[in-house]
Structure formats: structure tokens, C-alpha cells
Amino acid sequence: AFDMTIGKAAEWGDAMGDLSQLTGTSVRETSELAATLELLGIKQDGLNKIVKAFTAQGLQPTMTNIRALAAEYQAIQDPIEKNEFLFKRFGRQAADVAEILGKSTEELDSFTEAARQSGKVIDEETAAAAERLGVEMEKLRQRADGVAISLGNALIPILNRYFEVTEKTTEALKRENAVGLE
């Protein structure tokens, strides 16, 4: 239950906080972008490529900029010019961006509204709280690992001694049985 609720919220919030540092936009804008593109089938790896493509063009990856580019792309009638537009602006990431820019601004608005309604659009405070929880959970994991290691270190000599005694006892019993068989 933890992983499906608090864990999922903490993971999303932490990821959006980190991603907003890369995009140079607010956590709200970043999470809106991520949630909207997720609805379009673009997951984290694809999102990173799109962020990289936009940044390389000197554009902040926001839904506002995507809508503007989509309108510009949609206005081009010639398919060859459309491809030129994509490859000139986005190079190797053209294919990743094409699917998004192929949507009308109305479709993009609809996806963005659905993203807002999903609960995945968050603010800076939520992302910061998620990051703090992640750090505290990692500290707890490290403390649990430390207890396990300390306990293991205390038990290792005892187990080694047990195996030594067991081996010596087994050898002694073998010798006694061998003498009695003669």
C-alpha cells in the first residue's frame, strides 16, 4: 500500500523536482508537461529526449511552447517542408517531437486539461516534500542495512566457530567408526 500511494507520490514529486531543474521551469509547468506527454504515450526516457531537443533549440520545454510550435507545424501544408521543419529544429529528436507537434492545439489543450485533472500536476512545495521524504526513507534504509551488517558481523565468528567444531566432530566420529570396523 505504501509503494502504491506515498511511494508513488514521493517518486513522482522527486522526479518532477529534478526535471524542473533541467527544464529551467517551475515544478508546476514541468509536471504539467510530463503528465500531458505521458497521456500521449511518452514516458520518462522520451520526455528526457524532448527536453534535450527543446533545450538545444533554446526553447523551454513547456506546454505553451509546444502548443505554439504545434500551430506553426500544423500551418505547414507541404509534407517535405514539415519534415524539414522537424529535422532543422530538432535533428535526431525529430521523430520524438513529430508525434507531439502532429496534435492540434485543441488536442494538446485537451490532454493538458486531463493531466491537470489527474492529480499529477504538482507545485514546488510538494516536490520538495517528496524529496525530503526520499532522503529520510534512504536514511532509514541505510540504518536498517547497518543493523543487518552489525548483526551479521557479530554472527560471522560464531558461525565460523560452529562450522569448525562440526567439522572436527565429524572427523573424530569418522575416525572412531573406522577403528571400530577393523
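Predicted model: local features only at pLDDT ≥ 70, side-chain atom pairs only at ≥ 80, totals over all residues.
Close-up 1. The residues of helix 3 that are buried are Leu47, Ile50, Val51, Ala53 and Phe54. Because they cover an arc of only 165 degrees around the axis, these residues lie on the same side of helix 3. An α-helix has 3.6 residues a turn, so residues three or four places apart point the same way.

**Close-up 2. The face of helix 3 turned away from its buried side.** This face carries Asp45, Lys52 and Ala56, which are exposed.

**Close-up 3. Span and end of helix 3.** Helix 3 comprises 13 residues (residues 44–56), which at 1.5 Å a residue should span 18 Å, and the C-alpha atoms at its ends are 18 Å apart, in agreement with that expectation. Glycine 58, which follows helix 3, has a positive phi, near 75 degrees.

**Close-up 4. Threonine 62 in the loop between helix 3 and helix 4.** Threonine 62 has a relative accessibility of 6% and therefore counts as buried, the cut-off for this being under 20%. A polar atom of the side chain of threonine 62 lies 3.1 Å from the backbone nitrogen of asparagine 65. When residues up to four places away in sequence are not counted, threonine 62 touches Thr25, Glu29 and Leu33.

Terms used:
Residues numbered from 1 in each chain as written. Heavy atoms only, no water. Helix = DSSP H or I, 4+ residues; strand = E, 2+ residues; numbered from the N terminus. Expected span 1.5 Å × (residues − 1). Buried < 20%, exposed > 50% of the residue type's maximum accessible area, 1.4 Å probe, protein only. Arc of directions from axis to C-beta. Polar contact = N/O pair within 3.5 Å; in protein donor to acceptor, adjacent residues only side chain to side chain. Contact = heavy atoms within 4.5 Å.
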